[in-house]
Amino acid sequence: MGVAGVPEGHRSGFVSFVGRPNAGKSTLTNALVGQKVVITSNKPQTTRTVVRGIVHRPDAQLILVDTPGLHRPRTLLGERLNDLVMTTWSEVDVVAVCFPANEKPGPGDTFIVNELTKVRRTIKVAIATKTDLVTPDQLAEHLLAIQELGRATGTEWAEIIPVSSVSGDQIDLLADLLVGLLPEGPPLYPDGDLTDAPEEILAAELIREAALEGVRDELPHSIAVVVEEMGLREGRDEDRPLLDIYASLYVERDSQKGIVIGHKGARLREVGKAARQQIEALLGTPVYLDLHVKIAKDWQRDPRQLRKLGF
């Protein structure tokens, strides 16, 4: 007999997408959930918080855990991210490794799959992403290379599946396969939830994405965002709410502060506008966003600063 209101055989569990930076993990999360919940930036190393997207189905609840990209640590922040990754992998039901079809599996992929072999109990799946960028022949070759990598590292793939998040190809099939690998159990999150990251974290991620969008290679890692204060403005009619968000963008040096602010503040205004629109779309409320750029000297190497910035 199932739990009240939960159909017999309902499955629920956690899936973590992993892969090199830019392997298509965040886009895949968004395609499965059907809403933009994880930041997708075309710069690697942008996801830091473990944001979960949730796929609700009558027969199952699939909770997607997006870990930061695993990489060889160079700084204290890098080491902390890697610890977070290993802990997450051992706590989820399925780890799905993403291999972009337009790039041959390389040393970075081997590194990740080797790390993954240290996690015993978790089921492992391989996903060939970005299939819309290659020919059928190239895809066939790619799938063989993934199979071979599994053999070479002693990893048993429960499934190898090609998908395209952009065209939506095989996304539903992927959801079905992942659900089939989950344990039986009741839903773990209320039905309306698409993500369990508190609004402040989502707002901070969207601001960070907007800030990174224009600076390309100049400051990939050196921006942290803290939402200092967030709340509905008092004294407004219920049908005309306004959400006030006061946030600080932290960079490491003066020169970076100049880059983020831009000529006469133009760059920062663009960032604010783009972030505000994304936050409004996500939360469904008009937003007043107040952004300030601050300097936290060498925050990536300073444990006290890292704690303050939420790592």
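Reader: Among contacts in the protein chain between residues at least 6 apart in sequence, what percentage join residues at least 24 apart?

Author: This is a predicted model, in which local features need pLDDT of at least 70 and side-chain atom pairs count only at pLDDT 80 or more, whereas totals for chains, interfaces and linings use all residues. Residues are numbered from 1 along each chain as its sequence is written, and side-chain values use heavy atoms, with hydrogens and water left out. A contact means heavy atoms within 4.5 Å. Among contacts in the protein chain between residues at least 6 apart in sequence, the share that joins residues at least 24 apart is 71%.

Reader: Over which residues is the pLDDT below 50?

Author: The pLDDT is the predictor's confidence in each residue, on a scale from 0 to 100. The protein chain has a mean of 83, and 83% of its residues reach 70 or more. One stretch, which has 30 contacts in the model beyond near neighbours in sequence, has a pLDDT below 50, namely residues 44–49. Where pLDDT is low, the predicted coordinates should not be read in detail, and the stretch to which this caution applies is residues 44–49.

Reader: Which residue in S9 is the bridge partner of Leu 243?

Author: Strand S8 (residues 243–251) runs parallel to S9, and 9 bridges join the two. In S9, the partner of Leu 243 is Val 287.

Reader: At roughly what angle do the axes of H7 and H8 cross?

Author: Axes are lines fitted to C-alpha atoms, for helices over the stretch in contact, and angles run from 0 to 180 degrees between N-to-C directions. Where the two helices meet, Ile 259, Val 260 and Ile 261 in H7 contact Ala 266, Arg 267 and Leu 268 in H8. The axes of H7 and H8 come within 5 Å and cross at roughly 65 degrees.

Reader: Is Ile 127 buried or exposed?

Author: The place of Ile 127 is in strand S5 (residues 123–129). Leaving aside residues up to four places away in sequence, Ile 127 touches several nonpolar side-chain types, including Phe 17, Leu 28, Val 97 and Ile 161. Phe 17 lies 110 residues away in sequence but 9.1 Å away in space, C-alpha to C-alpha. Because its relative accessibility is 0%, Ile 127 counts as buried.

Reader: What is the relative accessible area of Pro 21?

Author: Pro 21 sits in the loop between strand S1 (11–18) and helix H1 (25–33). Its C-alpha atom is separated by 9.9 Å from that of Cys 98, 77 residues away along the chain. Pro 21 is partly exposed, with a relative accessible area of 29%.

Reader: What is the relative accessibility of Lys 264, whose phi is a positive value?

Author: Most residues other than glycine have a negative phi, and most peptide bonds are trans. Lys 130, in the loop between S5 and helix H4 (136–153), has a positive phi near 60 degrees and counts as partly exposed at 23% relative accessibility. Lys 264, in the loop between H7 and H8, has a positive phi near 55 degrees. Lys 264 counts as exposed, its relative accessibility being 71%.

Methods:
Pairing = 2+ DSSP bridges. Helix = DSSP H or I, 4+ residues; strand = E, 2+ residues; numbered from the N terminus. Buried < 20%, exposed > 50% of the residue type's maximum accessible area, 1.4 Å probe, protein only.
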